[in-house]
Amino acid sequence: MSAFDPVERPAHYNIGGIECIDYIKQVLGLDGFINYCHGNLIKYQHRYKYKSNPTEDMLKAAYYLRKMNEALEEKHSEAEKV
């Protein structure tokens, strides 16, 4: 994936060779990252109706839901290995 996109890969979140979302996950750990994604999901679902481009905010909510689900799958697959 190389093209920038305002939802999936904003240019200003990709400076320095690491995706900001990946860095956040690294710093917060898996549980913290799940909570972070959940909070952003709530934020974008709440404010979409007040924005000039509500579709973009709902796409961002879907992005964070997907990231949250990926992290939940990772967490539960790690738990099954133990």
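This is a predicted model: local features need pLDDT of at least 70, side-chain atom pairs count only at pLDDT 80 or more; totals for chains, interfaces and linings use all residues.

Me: Where does Tyr44 lie, and is it buried or exposed?
Reply: Tyr44 lies in helix H1, which covers residues 20-47. It's buried, because its relative accessible area is 9% and the cut-off for buried is under 20%.

Me: And how far apart are Tyr44 and Met68?
Reply: In sequence, Tyr44 and Met68 are 24 residues apart; in space they are 14 Å apart, C-alpha to C-alpha.

Me: Let me back up. How many helices and strands does the chain have?
Reply: Two helices and zero strands. The C-alpha trace spans about 45 × 30 × 20 Å along its principal axes.

Me: What share of the residues count as buried?
Reply: 27% of the 82 residues. The accessible surface comes to about 5,800 Å², and 56% of that belongs to carbon and sulfur atoms.

Me: What about contacts between residues 24 or more positions apart?
Reply: Those account for 50% of the contacts with a separation of 6 or more.

Me: Back to the aromatics. Which residues form the cluster?
Reply: Phe33, Tyr36, Tyr44, Tyr63 and Tyr64 form one aromatic cluster. The count of aromatic pairs is four, and one of them is Tyr63 with Tyr64.

Me: Why is the pair of Tyr63 and Tyr64 edge-to-face?
Reply: The planes of the two rings are at 85° and their centres are 5.1 Å apart, so the Tyr63 and Tyr64 pair is edge-to-face. The cut-off for that label is planes over 60 degrees apart.

Me: Are Tyr63 and Tyr64 buried or exposed?
Reply: Tyr63 and Tyr64 are both buried.

Me: Now Lys67. Is that lysine buried or exposed?
Reply: Lys67 counts as buried, because its relative accessibility is 17%. It's found in helix H2, residues 54-81.

Me: What is Lys67 in contact with, leaving aside neighbours within four places in sequence?
Reply: Ile21, Phe33 and Cys37. Phe33 is also part of the aromatic cluster.

Me: Which of them is buried and which is partly exposed?
Reply: Cys37 is buried, because its relative accessible area is 0%. Cys20 counts as partly exposed, because its relative accessibility is 28%.

Me: One more tyrosine: where does Tyr23 lie?
Reply: Tyr23 lies in helix H1. It's partly exposed, because its relative accessible area is 47%. Tyr23 and Pro10 are 13 residues apart in sequence and 15 Å apart in space, C-alpha to C-alpha.

Key
Residues are numbered from 1 along each chain as its sequence is written. Side-chain values use heavy atoms; hydrogens and water are left out. Helices (H or I, at least four residues) and strands (E, at least two) are DSSP runs, numbered from the N terminus. Buried means under 20% relative accessible area, exposed over 50%, partly exposed in between (1.4 Å probe, protein chains only). Contact means heavy atoms within 4.5 Å. Accessible areas come from the Shrake-Rupley method with a 1.4 Å probe; for residues, only the protein chains shown count as cover. Rings of Phe, Tyr and Trp (its six-membered ring) pair if their centres lie within 6.5 Å; planes under 30 degrees apart count as stacked, over 60 as edge-to-face and the rest as tilted.
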